[in-house]
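Work through the exercises below with the sequence and the structure open. Each task is followed by a solution in steps.

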Protein chains: 2
Amino acid sequence: MALIVHKYGGTSMGSTERIRNVARRVAKWHRAGHQLVVVPSAMSGETNRLLGLAKELAPAQTDDACERELDMLAATGEQVSSALLAMALQAEGLSAVSYAGWQVPIKTNSAYTKARIESIDDQRLRADLAAGKVVIVTGFQGVDGNGHITTLGRGGSDTSAVAVAAALKASECLIYTDVDGVYTTDPRVVAQARRLERVSFEEMLEMASMGSKVLQIRSVEFAGKYRVPLRVLSSFTPWDIDLNTEASSGTLITFEENETMEQAVVSGIAFNRDEAKISVLGVPDRPGIAYQILGAVAQAHIEVDVIIQNISKEGKTDFSFTVHRNDFQKTLHLLKTQVLPALGAADVVGDARICKVSIVGIGMRSHVGVASRMFKCLSEEGINIQMISTSEIKTSVVIDEKYMELAVRSLHREFDLDQTVDTISG
Amino acid sequence: MALIVHKYGGTSMGSTERIRNVARRVAKWHRAGHQLVVVPSAMSGETNRLLGLAKELAPAQTDDACERELDMLAATGEQVSSALLAMALQAEGLSAVSYAGWQVPIKTNSAYTKARIESIDDQRLRADLAAGKVVIVTGFQGVDGNGHITTLGRGGSDTSAVAVAAALKASECLIYTDVDGVYTTDPRVVAQARRLERVSFEEMLEMASMGSKVLQIRSVEFAGKYRVPLRVLSSFTPWDIDLNTEASSGTLITFEENETMEQAVVSGIAFNRDEAKISVLGVPDRPGIAYQILGAVAQAHIEVDVIIQNISKEGKTDFSFTVHRNDFQKTLHLLKTQVLPALGAADVVGDARICKVSIVGIGMRSHVGVASRMFKCLSEEGINIQMISTSEIKTSVVIDEKYMELAVRSLHREFDLDQTVDTISG
C-alpha cells in the first residue's frame, strides 16, 4: 500500500462526465489498496471566466488590495471542482472529503496572484487517510499569515500537488494532464518531437523554466527539493485500463542518473515567447548597481529571468534582463519613475517582440562545444542572437520572436532529436 | 455618520453592469459620510448552476459528508460576487475589502445546507470600518467549530446581513431586492395588493414564515431578537436618486407600535405551497408521543411547521404536521423505518398537494371573531379546510393547493385590503 498524490488539470476536470471519469480512476487506485490525495484544478475555462468578470469591474490600475480580491475570486474555481469531485467519489461508494487551501492549511506568503507556499500542515490529511478517506486538496491556493486567501499563479495546482506530496512523503505524484508526457520539444512546432520515457529532474527544471508548458516550474523545484518522484501522464486514457500499465505510462521525472545508459548530449529544445526584454542604458559602473535595479523589481514581486550586464565603457555599462510580458509595462514604469532618477542612468528601453530558445541536456556537462554548435546552427539560418545565458545543462538565446519556429526546428534536427530512441536520460 | 448594512439580492448582483450600479449606490452612501458594510448574494442563477452540476455527480442518497461538499460548492457563488463588488468599489475610488464567512468569522453550527449562526466576531470589521474601508461580508455562509464551511439555506444572505447588523449594532439594515417593499399579498395573485410603508416586526415574522418570499424568516427573527431596524427596498431605482428619498422608500419593518393610528385588523394575506402534510395514524395516546415522533424529525434537521394532534378515540390518536416539500420523502421514510416500529402506530400517510393560507395582523389581538370571519369566507367559496393553526396575530389554514389563488383573493377582499390606505400598522 502506497500513499499517492494525483493531480488533475483543468481539461481533465472540464465537464461533469470527465469529473466522473476522474472519480472512477481514483476509485480504481483506491481499491488497489493505495491511499489517495487528489489535487484538482478548476474546470477548464472557469478561471478565465472569473478573471473576465473581474476585468470588467476592477480598477484600471491594480494594486495590492485589488489583487487580494482577484485571489478571493479566482480561488473559487478550484473549490468548485474539489467539491464536485468529492461528491463524484462518494457516488462511487468511497468516503471522500475536500479541503480549501486555508482548511489544510497551506500557508503561503502574501504575494497575491503569485504567492509561495511556506508550509503545509499534514495532520488533518493524515487523520482522514488513516480513516480510509480519499482526501481532495484544493489546488492553486493557500492562506497567508493574516488569513487572506492567496493563489499561486497560473499552473499553481501542480505546485500544490507536489508540495502536498512532499509534506506527506508520498511515494509518487502523478500529474494527469491532456498530453501523454514530456516531449523533446512542442510537437505543434516540430512534428518529429518524441515523448521521453524518463527525464532527469535537472533537465525538467530547465525545460519547465524555458516555457515547456507541461508543468509549472515551481512544482519541479519543489519536487527536486523534496525528491518527490513525479510522473506526467494522460488523463484521457480510458479510466479502466490496467493499473500497472497506467502506473508506468507517461514521463517519469527522476533523480537517479543511470550511468549504464548512453546519454544524449541534448534532451530537448525549450522555448518561451512570454518574455520581454528591458535594458537600462548608460548605468554608472559602480558596486551595488545590479541590486539597485533588480531590488526594486523584486520588491514589486516581478520575476526576472535572464540577466546580462555588458562590460563597461568609459565608466558606463548597459544592464539588460527579461521579465514576463504581463509585467513588461509595470517594470518599465517602475524603472522610469523610481529607479532611473536615483541611478543617474541614461535611459530605459524595452522590447516585447522577443522569444527565448534553449537547448537542455544533462549530457552537456561532459561534452564541450555544445553551445557553439547551437550558435553555428542559428547563424546558418541567419538568426541574430540578442542575448545569451548559460547554465551547466542549458544554453539559452534570446532572438526576434519571428524566428522562433525556425530556430526550434533547426536545433531539434541539429541535436539528433528527430529520431526514435525513446529513453534519453535518467 | 451612521453605520449601515446593505444587502443586495442575486438579481441586484446579476451582471457586471448591475454590480457596477451597486458599487455606485454604495459609494453614494459612503460619500454621504456613512460607514458601510455590504452583504451580497451570489449572482442570480449561479447557485442553481452549481447545484445543477452537483446533481449530476452526487450520490442519489445525500448524507452528511455529501451535504458538507454541497456547502463547500455553493459557498463559492457568494464569494465570487463579494470579490467582484470589492473590485467595483475600488474602481469607484473607494477602499474596500471582502471577507468570506470563515474570515470574519461567522460561526455556525454544523447543520450543513441549513446551518444557524452562533456568533459573529466584529473585530476585523470594526478595524476596517475605522480605517475608512467599505467592508463586504460574503452572505449565506459561515464556518463551524471544526473549520468546515457551512451555508445558511436558501435566502440565507438576508440572515447574514441582519446578523452582521446586529453584531455591529448598525443603525439600519437595508435589504435591496427586486421588489420595492412588502405587499398585503403577492401582486401576481391579487392585482389589488398594496405596498405597506411600515409593517410591525411581528407581522413581518408571520408573513415571512408563511411564505412571503421577500425576506428569509430567520433574518426577521434575528432582526426581532436584536431589534435591528430593517428596510426592504428596490435596487432597481436609479443609483443616483436622492439619498434621503432612497432612505425612506420601500417598507420599514418596525418595533414601535404607533398607538395613535387606527390599525387594520388584518395587514396581509400570506400563502405557501412549499409544504407537505404528514399524518401518523392510530398512535397510542400516552405521554411523550409528540416528542417520540418530532424528536426524530428534528434530529434529522427537518423543520416542522404546523403541528396538530386530534383528540383521542379509544386510546388512539392521529398526529399531523407539515414539513417543507423537499423534506417530504425523507420524513416519510424516516417515520416508516425508525419511528413507526417503536411507536406501535397504525400507519403514516402524507399529501404534498396542499397549501397554507394565512391572515396576519397585529389588530387581531384586539378584535374578536377574525378567525371565524376567515372560515366563513372560505366556506362561501366552497373550500374545505384540512388543518387550522392559530397564533396571537395570525390564523392559518391548510387547504387543497388547487384553491390557493381563490382563497387568497377572497380573503384579500374580505379583510378590506383591496383599498388604497397606505400605512397599515407600526
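**Exercise 1: The interface**

Task: Describe the side of chain B that touches chain A by its elements and its residue classes.

Solution. Begin with the count: 30 residues of chain B are in contact with 30 residues of chain A. Next, assign them to elements; those of chain B that give two or more residues are helix 1 (16-31), helix 2 (46-57), helix 3 (64-91) and strand 3 (96-99). Helix 3 of chain B gives the most, with 15 residues. Sorted by class, this side of chain B has 19 nonpolar, eight polar and three charged residues. Last, compare the chains: 100% of the interface residues of chain B are also interface residues in chain A, so the copies meet through the same surface.

**Exercise 2: The nonpolar core**

Task: Identify the residues with the most contacts inside the largest nonpolar core, and trace the contacts of Val164(A).

Solution. The largest nonpolar core has 260 residues, and Leu84(A), Val164(A), Leu84(B) and Val164(B) have the most contacts inside it. In chain B, this core draws at least three residues from each of domain 1 (3-254) and domain 2 (262-415). For Val164(A), set aside neighbours within four places in sequence; the contacts are then Val5(A), Val37(A), Val39(A), Ile120(A) and Val137(A).

**Exercise 3: Helix 12 of chain A**

Task: List the buried residues of helix 12 of chain A and find what covers them.

Solution. Within residues 404-414, the buried ones are Ala407(A), Val408(A), Ser410(A), Leu411(A) and His412(A). Their cover includes strand 15 (268-272), strand 20 (354-360), helix 11 (370-380) and strand 22 (394-400) of chain A. After helix 12 of chain A comes Asp416(A), with a positive phi near 60°.

**Exercise 4: Confidence**

Task: Decide which residues of chain A call for caution.

Solution. Chain A has a mean pLDDT of 90, with 95% of its residues at 70 or more. Over residues 421-426 of chain A, pLDDT stays under 50. Where pLDDT is low, predicted coordinates should not be read in detail.

Key: Residues numbered from 1 in each chain as written. Chains lettered and ligands numbered in written order. Predicted model: local features only at pLDDT ≥ 70, side-chain atom pairs only at ≥ 80, totals over all residues. Contact = placed C-beta atoms within 7 Å. Helix = DSSP H or I, 4+ residues; strand = E, 2+ residues; numbered from the N terminus. Nonpolar A, V, L, I, M, F, W, Y, C, P; charged D, E, K, R; others polar. Buried ≥ 20, exposed ≤ 12 C-beta atoms within 10 Å, placed from the backbone. Core = buried A, V, L, I, M, F, W, Y, C linked by C-beta atoms within 7 Å. Domains from an automatic or database assignment. pLDDT = per-residue confidence, 0-100.
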